[in-house]
Amino acid sequence: MFSTRVKLTAAFLAGLVAVTVTLFLAVLAARNNAVYHDIALYAAAQGDLAASVITDAEQANEKVMATSDTALIALLSPKVIERLQLVPGYIVIVDTTGRAVYRSPDVMRLAGSDMGALQTQLADLPKSGEALIFTLDSLQEKLLFVSHSLPGNNAGLSRIASGAIATRASTVPREYLLDALVIVPLIIGAAGVGAFLILGKTQRQLNEITNEVAAITDGRSLHRRLALSEETTDFADLMTTLNAMISRLETSFAGLRRFTADASHELKTPLTVLRADVERAMMTSSQTERMVALEESLQEVRRMTDLVESLLTLARADEGRFDLHREPVELGPLVQEVYETALILGEAQGVTVNLPFTADVTVMGDRTRLRQLFLNLVTNAIKYTPAGGKVELGVGRHPDNVTFAVRDTGIGISAADFPHIFERFWRADRVRSRMSERGGFGLGLAISQWIAQAHGGSLTASSRLGRGSLFTVTLPLATDGQHS
């Protein structure tokens, strides 16, 4: 198989040859047209000269016609014929009856077959303009004839047909042949060599980039980047794009490794506890201890079920396979339902929950997912608010959207931890130390953000360490057409 370098060079040469041939034919056609035009002008000039001879004779009151005998071929006077014979070229004068009354010496020297063909075609010659081009069998020449009318003469003459040899218009000049057979091939060959050399440099640059990319074989080498050198300066944009892609891949691989490690860690702990509880239930003889162990095992099973369900939700969201069942949802009753659940959760934690304001608004969304979103935010607020604190939630209507806000007076989030709050499995160490030993998974905010974005909205947060946090969900309002 030929290399890409050879194929590109061949394609370049083929295109160059095609363009050159097309240009050569166009130039040749233009040259031929110009030559035909010049020959036609020359023939017309000879016709004009012959016409002036007849006009001058009439103005001098000379006798133009020698006889009116229709049986004679030459009817012009000898003096007029003598003058006309001084006009070079192929001249034929025709009277009003269509009969040729004069033929120049060049015409008279034509062979019989050529003379007959000329006579036949001159009968259809127009009164003016280019008449015909035909080949002389005897001379192997081409003749171009034009017609010149003779109006207003008293000799009964109709027109003059004047011709000239036009063979040179259809022949390729020697200098054209020299260019086509010698000079142009040399230029094409030089261009091919130049293209081959230039493509060689380009191929070396691409090979260097290919080798560097090939060296990045797995996730462990994604920290490497393509280095710009003198050999690869022509592909700076390509290398920048590849480096950006590698950077995104590195981030994705790092996230995947972190996700796998965190998921394994979160599953390992409940599995360990579950195994211990099962072993204790099998070894104990006390019915009470056995029931306590089984109850703890059931709690761990529920915990793992919640984790797997959360992971499945995020996985489907990443693949775009999680469809929302959109319908008009009135947020007033939904928020009231979430508020009543929050009251129960807050009472257990010693946290006061208030609903100071709400609005009757409707959005297009999945009611189950929106309830999950609101409950996640409220549950987080209660979880990270010490006893005696407050949590407030409310719905506000705006011209273009609706907002659901949850504010707490909890422990807040530090500036160092704040950029990571929506990352999966992220939990600040300080938060873990404040919570019970069996805290959450760190997936709630990631799921909440996905739900908000899936509804065409957003989830934003603001927080100060020790002063609480504010989470705001923004959703688009349902249009009048969507209400119906």
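Analyst: Two strands pair if DSSP finds at least two bridges between them. Helices (H or I, at least four residues) and strands (E, at least two) are DSSP runs, numbered from the N terminus. Heads-up: this is a predicted model, so local features need pLDDT of at least 70 and side-chain atom pairs count only at pLDDT 80 or more, while totals for chains, interfaces and linings use all residues. Residues are numbered from 1 along each chain as its sequence is written, and side-chain values use heavy atoms, with hydrogens and water left out.

User: In the hairpin of S11 and S12, which residue takes a positive phi?

Analyst: Strands S11 (residues 458-464) and S12 (residues 468-476) pair antiparallel over seven bridges, with Ser-462 standing opposite Leu-470. Three residues sit between the strands, and the one with a positive phi, near 85°, is Gly-466.

User: How far does helix H1 reach from its first C-alpha to its last?

Analyst: H1 covers residues 4-59, which is 56 residues. The expected span is 1.5 Å times one less than the number of residues.

User: Within what arc do the buried residues of H4 fall?

Analyst: Buried means under 20% relative accessible area, exposed over 50%, and partly exposed in between (1.4 Å probe, protein chains only). In H4 (residues 112-122), Asp-114, Met-115, Leu-118 and Leu-122 are buried. Seen down the axis, they line one face of the helix, because their directions from the axis to the C-beta atoms fall within an arc of 100°.

User: And which exposed residues does the face of H4 turned away from its buried side carry?

Analyst: This is the face pointing away from the buried side of H4. Its exposed residues are Gly-112, Ser-113 and Thr-120.

User: Is Thr-97 buried or exposed?

Analyst: Thr-97 sits in the loop between strands S1 (90-95) and S2 (100-103). Its C-alpha is 8.1 Å from that of Ser-158, 61 residues apart along the chain. With a relative accessible area of 62%, Thr-97 is exposed.

User: Which residues of the largest nonpolar core touch the most other members?

Analyst: A nonpolar core is a set of buried Ala, Val, Leu, Ile, Met, Phe, Trp, Tyr and Cys residues joined through side-chain atoms within 4.5 Å. The largest one has 40 residues, and those touching the most other members are Leu-331, Leu-377 and Phe-404.

User: Which element gives the largest share of this core?

Analyst: Among the elements giving two or more residues are helix H8 (331-349), helix H9 (367-383) and strand S10 (401-408). The largest share, eight residues, comes from H9.
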